Every structure is written in structure tokens, then in C-alpha cells.
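Hello,

Here is the structure I promised to pass on to you. Have a look at it first, and then read my notes below.

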Amino acid sequence: MFAAGIDVGSVAAKAVIFDTANRSMAGGTVLPTGWNTREAGERALTAACGQAGVDRADLARIVATGYGRIALPFAHKTVTEITCHARGASWLFPGSGVVLDIGGQDSKAISLDENGGVRDFVMNDKCAAGTGRFLQVLADILGMPLDDLGKAAAGGSPVPISSMCAVFAETEIVGLLAQGTPPADLAAGVFVSIARRMRGLARRISFTGQCVFTGGMATSPAFCDFLSRELEIPVRVPDEPQLVGALGAALLAAHQLEKKHHA
């Protein structure tokens, strides 16, 4: 039997197919969400099924998560992304104590118990300054793709970004550019700013054990280095950090199937 997890975020829609017999991921995909969350979820699930070589009819259970989860009527159950990220991260890295996630529109710090459940969490979804959206603003100003931004930041000397608001920071960055500040230094400054925001969020929960870093920002090795330096501990990054929430949803779907089977 196969279970599926779908995580529809503001920027990307992710889906994972989980093989319950082999207890392994059979397929996973990440696609842009666009304006239609339901369609994005459908596309992501179809693509993941294609990768896994299974038909939609083979999916015995589907769990949806992410901000677009309520737009997916074909899901059997919806679960918060906090629970799903905790489950996915603890399955990939057993014994982990903390999950940090930076997505397009929010960031989260989750403290895990010894069973991989949620002990506590804090979330920033009110301000773009600690999220991937802030990085997109910088990329637009500099006319630089996000991948190049990371390479530039890795070789730059961080310029302090004093504004705590993404809107004001944008004005500040434009002003610094006009003064001749090198783009690489600005990129490094923004990376440090986001990493410090994440550190501040993480300090509000019980921070013990290994730290797992997930979400779109975790695809940037340069940012992972900045975050690790700010936290003063190594961060563990999954091979596919954007799929962790969808994986957690798929694991919950598989667990529900097992309970039903044994009932």
C-alpha cells in the first residue's frame, strides 16, 4: 500500500509518496504553488505519483498540510505543518531535538520530545524579514538569481542591516547600493540578518539535541553556514529539505493506515 503527503506552501507545493511495505519514500516532488493552491496540490501529487511509478488509485491514504491544506478536498485528513515537520525531521534524523524551518512567508522553531513529537514551537508569520520572501526582495533589487545570491554572500563581508522590517530594509539596501556597497557584502548582510532572526526565534524554545534545518532556505549551503555560525552549533540538512513537511504528512497517513489495519 502507498500513502501520500502533500504540503502546499505559499511559494512551493510539495508531495511525497510513501511505500508502507518497505517503510521508504517512493517519490517526491517540489513545484511552484502559483495562484491556485488546489491545482498546485493536484499537480504536485500527480508528479510524485509519476516519479514513484504508482497510480492515484494506489494511494490508500492522503494527508495534507501547509497553508493551502484546506483547499485539497481529495485529502483524507489535514494536519498542521508544525506536526508534519516534526514527524518528517525525526524520521530522517532520529533523536533530533529541534527543527528550524524557513519558508517563503514564515519561519518556525520546533522543540521535539524523545518520541519525535512536538514539545513546543514558536512561529514568525507576521513579518517577512525572517523569511525567504526577504531574500527574494534582495534578489530582485540586485537583479541576481537566488542561487547566485548565495555564492555572492559566501564571499562577502556582511554589512549590518539595521532595519527589522522587510519594507524598510529594502529602502536601506537601495541606499547602501547607491553609496557603492558591493552586492556581495549586501547579500552577506541580509543572510546574517535572517540567520540572527532565526536564532532569536530558536531561543524562545527548549533548544537541546541535534538541530535539523528544513524549508526552502535550507537549499542554500551558504545560508546554512551563516545559520550554523549564528547558532554556534552544526545544523543537519536533509537531502531534500523542502520535502520534510510532505514526508511528515505521508508518515502520518501511513500510521493511520497501520492503525486501521490492526484495528
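A pocket here is an open set of points on a 1 Å grid over the protein atoms alone, with protein on both sides within 12 Å along at least five of seven lines, and its lining residues have an atom within 4 Å of a point. This is a predicted model, in which local features need pLDDT of at least 70, side-chain atom pairs count only at pLDDT 80 or more, and totals for linings use all residues. Residues are numbered from 1 along each chain, and side-chain values use heavy atoms, without hydrogens and water.

The second largest pocket is lined by Pro-158, Val-159, Pro-160, Ile-161, Met-164, Gly-189, Val-192, Ser-193, Arg-196 and Arg-197. By class, that lining has six nonpolar, two polar and two charged residues (Ala, Val, Leu, Ile, Met, Phe, Trp, Tyr, Cys and Pro count as nonpolar, Asp, Glu, Lys and Arg as charged, the others as polar).

The largest pocket has 40 lining residues, and the closest to its centre are Ile-102, Gly-103, Gly-104, Gly-216 and Gln-242. Its lining divides into 14 nonpolar, 16 polar and ten charged residues.

Now for a pair of helices (DSSP runs of H or I, at least four residues). In H5, Ile-173, Leu-176 and Leu-177 meet Pro-183, Leu-186 and Val-190 of H6, where contact means heavy atoms within 4.5 Å. Which classes take part in the contact of H5 with H6? There are six nonpolar residues, no polar and no charged.

Enjoy exploring!

Key:
On a 1 Å grid over the protein atoms alone, a cavity is a set of points where a 1.4 Å probe fits but cannot get out, and a pocket is an open set with protein on both sides within 12 Å along at least five of seven lines; lining residues have an atom within 4 Å of a point. Helices (H or I, at least four residues) and strands (E, at least two) are DSSP runs, numbered from the N terminus.
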